[in-house]
Amino acid sequence: MRSETLTGSERVSVKKLSTYGGEGCAEVWYPQSAEEFADALCAIGRMGKEPYILGGGSNTLICGDGAPIVCTRRMRSLCFDSDRVLFEAGATISQLMTEARKRGFGGMEFLEGVPATLGGALRMNAGAFGFEMSDFAICTRILTKNGQILLKPARSFPYRQGETDAILGGELKLFRMRPEESLSRREEFLARRRAKQPRQPSLGSVFKNIRLTQEEAREFGVERLEQIGAIRMPKNREVSDGSSSRDDVEFRIPAGKLVDMCGLKGTVRGGAQISPMHANFIVNLGRGTAEDYLSLVRLAENAVFDRFGLKLEREFALLGRTDG
Ligand SMILES: Cc1cc2nc3c(=O)[nH]c(=O)nc-3n(C[C@H](O)[C@H](O)[C@H](O)COP(=O)(O)OP(=O)(O)OC[C@H]3O[C@@H](n4cnc5c(N)ncnc54)[C@H](O)[C@@H]3O)c2cc1C
């Protein structure tokens, strides 16, 4: 369903906005340039409302009639200059990698199959298999609250916390790579995803994996950590090489493992389910609402806290209510 309403905006079904789906409609602006993006934010500001910036919607749960949305999906240009690529925020991972391969570049195959925009991926510092967006960012073009466009040099961001300003675009660095090599890396990562992750509509991982410092791990109890499958790793690396000093080490507990150990795999609420394949995914069985999703989120949070005394942190963004 799509119809013109307020000047410059459209009423769009939530099903088209979030990869989980859901019910209802939202007021959406689709700017096609940085100027239109700034104009949309101003128009919403004049209505006395706080805008929500949406990319691919692959990490956004939309509840009811939420804030007006500025969606970047029509700002999707890419401009290659050797191993560097200038991008607009709404360009997608798959678009980037298809175009990069045609020019003999690669590097970000680890995110292929993820239905994200580059702006959303930078905001979330999306990552997988030991790589993160921030490893590839050179700079980000942002729009400040007072309407200035600035170029910010990239820096190393923490786990799933990237750039917090409104992202208009930026510059990424890729690697020279034969198309066959890039395609083979793509296939390898996709196969690993297919083996572990459900195919039904979702928002990817519901919770962040828990990270404990040495100190916190000692307090929690090393034996208990072993029982729940915590992994000792050098900070910011996926695999331990055993060479780090004590302070560089942290303990990681996969959130899905904790939810699974609470016996919640397969639990259904309305039209949503904690995936029987991977307990850190909540999938839409067809008619799942945002409320169904949140009800399973709260169930998992309470169960993990009651059993392990650990607080799960949500990875997805919530639009439309604050008491979630
Ligand atoms: C099947 C599947 C697999 C996934 N696998 C992974 C994975 O391997 N690794 C991983 O990290 N994530 C994964 N995700 C989650 C998701 O794809 C990422 O978080 C991604 O970065 C979200 O991008 P998006 O464009 O869809 O963001 P959206 O959902 O549109 O937005 C997410 C957040 O970013 C903000 N945002 C979006 N665009 C901008 C912008 N231009 N400027 C400022 N803020 C912005 C939004 O306001 C919101 O806070 C997966 C999701 C799915 C559905």
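**View 1. Four elements each supply at least two residues of the shell around the ligand: β4 (52-54), α3 (118-124), β10 (127-128) and β14 (166-173).** Helices (H or I, at least four residues) and strands (E, at least two) are DSSP runs, numbered from the N terminus. The model is predicted: local features need pLDDT of at least 70, side-chain atom pairs count only at pLDDT 80 or more, and totals for chains, interfaces and linings use all residues. Residue numbers start from 1 along each chain as its sequence is written. The ligand is surrounded by 30 residues; a residue is near a molecule or strand if its C-beta atom, placed from the backbone, lies within 6 Å of it. G55, G56, G119, G120 and G204 are the closest. Helix α3 gives the most to this shell, with 5 residues. By class, the shell holds 15 nonpolar, 14 polar and 1 charged. Here Ala, Val, Leu, Ile, Met, Phe, Trp, Tyr, Cys and Pro count as nonpolar, Asp, Glu, Lys and Arg as charged, and the others, Gly among them, as polar.

**View 2. The ligand lies between domain 1 (2-71) and domain 2 (78-196), because both give residues to the shell around the ligand.** The protein is divided into these two and domain 3 (210-319). Domain bounds come from an automatic or database domain assignment. The C-alpha centres of domain 1 and domain 2 lie 23 Å apart. Across the boundary, 9 residues of domain 1 are in contact with 15 residues of domain 2; contact requires C-beta atoms, placed from the backbone, within 7 Å. Helix α1 (residues 34-46) gives the most to the side of domain 1 that touches domain 2, with 3 residues. That side of domain 1 divides into 4 nonpolar, 5 polar and no charged residues.

**View 3. E132 sits in strand β11 (residues 131-132).** Is E132 buried or exposed? E132 counts as buried, because it has 22 C-beta neighbours inside 10 Å. The class is set by other C-beta atoms, placed from the backbone, within 10 Å of the residue's own: 20 or more for buried, 12 or fewer for exposed, and partly exposed in between. Leaving aside neighbours within four places in sequence, E132 is in contact with N125 and G127. G263 is 131 residues from E132 in sequence. Their C-alpha atoms are 31 Å apart in space.

**View 4. An open sheet of 3 strands runs in the order β16-β18-β17, with antiparallel pairing.** Two strands pair if DSSP finds at least two bridges between them. The edge strands, β16 (210-212) and β17 (231-234), each pair on one side only. Neighbouring strands are turned by 35° against each other on average, direction ignored. Axes are lines fitted to C-alpha atoms, for helices over the stretch in contact, and angles run from 0 to 180 degrees between N-to-C directions. Strand β18 (residues 249-253) pairs with β17 over 4 bridges, in the antiparallel sense. Opposite R252 in β18 stands I231.

**View 5. A second open sheet of 3 strands has the order β19-β20-β21 and antiparallel pairing.** Strand β20 (residues 272-274) pairs with β19 over 2 bridges, in the antiparallel sense. A272 in β20 has R269 opposite. Helix α8 (residues 290-308) packs on this sheet and touches β19, β20 and β21. The direction of α8 makes about 25° with that of β20.

Technical notes: Two residues are in contact if their C-beta atoms, placed from the backbone, lie within 7 Å.
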